[in-house]
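Here is a short report on one structure. Look at the sequence and the model first, then read on.

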Amino acid sequence: MEIEIATIGGYEEVGRQMTAVRAGDDVVIFDMGLNLSQVLIHDNVETEKMHSLDLIDMGAIPDDRVMSDLEGDVKAIVPTHGHLDHIGAISKLAHRYDAPVVATPFTIELVKQQVQGENKFNVENDLVKMSAGETMSIGDSGKVDLEFVHVTHSIIDAINPVLHTPEGAVVYGLDKRMDHSPVLQDPIDMDRFREIGREGNGVLAYIEDCTNAGRKGRTPSESVARRHLEDVMHSVEDYDGGIVATTFSSHISRVSSLVEFANDIGRQPVLLGRSMEKYSGTAERLNFVDFPDDLGMYGHRKSVDRTFKRIMKEGKENFLPIVTGHQGEPRAMLTRMGRGETPYELDQGDKVIFSARVIPEPTNEGQRYQSEKLLKMQGARIYDDIHVSGHLREEGHYAMLDALQPKHVIPAHQDLKGFAPYVDLCESMGYKLGRDVHVTRNGNMIQLVE
Ligand SMILES: [Zn+2]
């Protein structure tokens with residue numbers, strides 16, 4: 001059976017991920033992401049109203065015109081998890097394919113919300129839920145199957161999809177950390193990866209996220225970030241002024257740790273900001289997390305301001321607002337607090353806890369610098385970097401290659417510079433660039449079996 005891989009997006013950047021795998025006549029697309037930094041750099045861009053071709057020209061979504069060179073029918077569109085760089089272009093591109101979107105329940109719910117918010121296109125693809133550990137048949141040959149393997153990442157319900165073909169498995173390995181003691185859900189399913197590496201014809205190809213490939217050692221577990229956060233929160237237990245926390249809204253494990261520790265130190269947690277309400281509300285509704293019944297979540301400007309007024313009236317020392325704005329996004333809640341645009345008044349010595357790291361990218365770095373500066377000018381004291389990455393470091397990459405023993409490796413989720421340390425790592429395991437390590441760019445085809 002012919003096996004061909006189209007590397008469509010996310011091979012020159014982090015963002016706008018999209019890869020298609022053709023097995024005979026059947027094609028499966030993995031991820032359809034948005035490169036948010038290409039959008040945010042322009043003022044007041046509303047992607048909901050924009051046409052795909054304009055967004056492709058901006059470098060914001062994958063240029064999927066290369067799909068016409070792939071001789072087969074798309075049978076499924078498979079986003080691996082709910083981060084925007086993996087699902088953010090579904091509302092712009094999915095309607096061009098007569099295929100369902102297949103993803104885990106939490107991811108499907110986020111896709112549904114995104115499609116509903118789309119103004120330009122009518123996306124009517126079926127949305128099909130499939131959980132980790134499950135398999136579905138692809139196409140009519142009876143020879144190709146899609147399996148979801150549970151992985152751990154900075155968002156719940158993440159998987160690595162595996163396309164089983166007669167030539168071996170193609171494992172799409174984007175976005176995971178090897179977490180054996182996560183805060184929510186199960187540890188990564190390494191047993192299954194090891195089985196896949198040894199059953200049938202083994203693994204034909206492994207497409208891997210190179211984000212932290214240049215960092216030594218292993219990425220700490222989410223339980224390490226949780227202990228760090230617990231330590232910080234208890235250290236300010238006796239402070240009788242304002243404490244404000246921020247983290248990734250989609251990072252449900254972290255939000256739930258913040259909620260728990262707020263209660264531990266006698267403060268009422270409250271989630272504020274549009275995306276805080278969206279992600280946490282969705283996770284709670286789908287029973288992924290068990291928040292206290294009285295946990296307030298407010299997204300709309302008016303209800304947020306009303307909550308801030310209540311906090312000021314009842315005493316800041318009784319609350320922990322958990323807000324958006326960890327990257328200093330200009331319109332996020334914490335940034336507005338820094339600019340003094342909300343009823344919440346910061347006083348000398350108040351604490352601001354960033355349970356996040358700045359995404360190393362000049363736009364974020366600049367915005368975060370500005371946000372922190374504004375907060376400090378009002379007297380706030382900053383706690384930062386209470387965080388662990390969601391991506392594998394060196395030892396995780398070694399462990400994955402060892403488990404899967406792939407014949408071919410395709411580095412992804414980085415630019416050329418970011419691929420280099422992963423190529424070195426592969427070569428130290430006996431692979432060779434150009435022979436079985438395929439460094440590529442957006443818009444290329446790699447034919448693995450002719
Ligand atoms: Zn991710």
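## A buried aromatic pair

Phe30 is buried, because its relative accessibility is 0% and the cut-off for burial is under 20%. This is a predicted model. Tyr172 is buried too, also with a relative accessible area of 0%.

The structure holds 3 aromatic pairs. One of them joins Phe30 and Tyr172. A pair of aromatic rings is described by the distance of the centres and the angle of the planes. For Phe30 and Tyr172, the centres lie 4.9 Å apart and the planes make an angle of 20°. The pair counts as stacked, because planes under 30 degrees apart fall in that class. The two residues come from distant parts of the chain. Phe30 sits in strand 3 (residues 26-30), Tyr172 in strand 10, and 142 residues separate them.

## The zinc site

Which residues coordinate the zinc ion? They are His81 through NE2, His83 through ND1, His153 through NE2 and Asp175 through OD, at 2.2 Å. Along the chain, the donors follow the spacing H-x1-H-x69-H-x21-D. His81 and Asp175 link distant parts of the chain, 94 residues apart. His81 lies in the loop between strand 4 (73-78) and helix 3 (84-87). Asp175 lies in the loop between strand 10 (168-173) and helix 6 (190-198). Both His81 and Asp175 are buried.

What geometry does the site of the zinc ion have? The site is irregular, with angles of 88 to 167° among its 4 donor atoms.

## The chain as a whole

The protein chain has 14 helices and 19 strands. Its radius of gyration is 22 Å, close to the 22 Å from the globule rule for 450 residues, so the chain is as compact as a globular protein of that length. The C-alpha trace spans about 70 × 45 × 40 Å along its principal axes.

How much of the protein chain is buried? Buried residues account for 60% of the 450 residues. The protein chain exposes about 18200 Å². Carbon and sulfur atoms supply 44% of that area.

Contacts across the sequence complete the picture. Take contacts in the protein chain between residues at least 6 apart in sequence: 75% of them join residues at least 24 apart. Two of the links described above span 142 residues, for Phe30 and Tyr172, and 94 residues, for His81 and Asp175.

Terms used: Residues numbered from 1 in each chain as written. Predicted model: local features only at pLDDT ≥ 70, side-chain atom pairs only at ≥ 80, totals over all residues. Heavy atoms only, no water. Donors = N, O, S within 2.8 Å, 3.2 Å for Na, K, Ca; no water. Tetrahedral: all angles 85-135°; square planar, octahedral: opposite > 155°, others 65-115°. Helix = DSSP H or I, 4+ residues; strand = E, 2+ residues; numbered from the N terminus. Buried < 20%, exposed > 50% of the residue type's maximum accessible area, 1.4 Å probe, protein only. Rg over C-alpha atoms; globule rule 2.2 N^0.38 Å. Contact = heavy atoms within 4.5 Å. Areas by Shrake-Rupley, 256 points an atom, 1.4 Å probe, with all protein chains shown as cover. Phe/Tyr/Trp six-rings, centres within 6.5 Å; stacked < 30°, edge-to-face > 60°.
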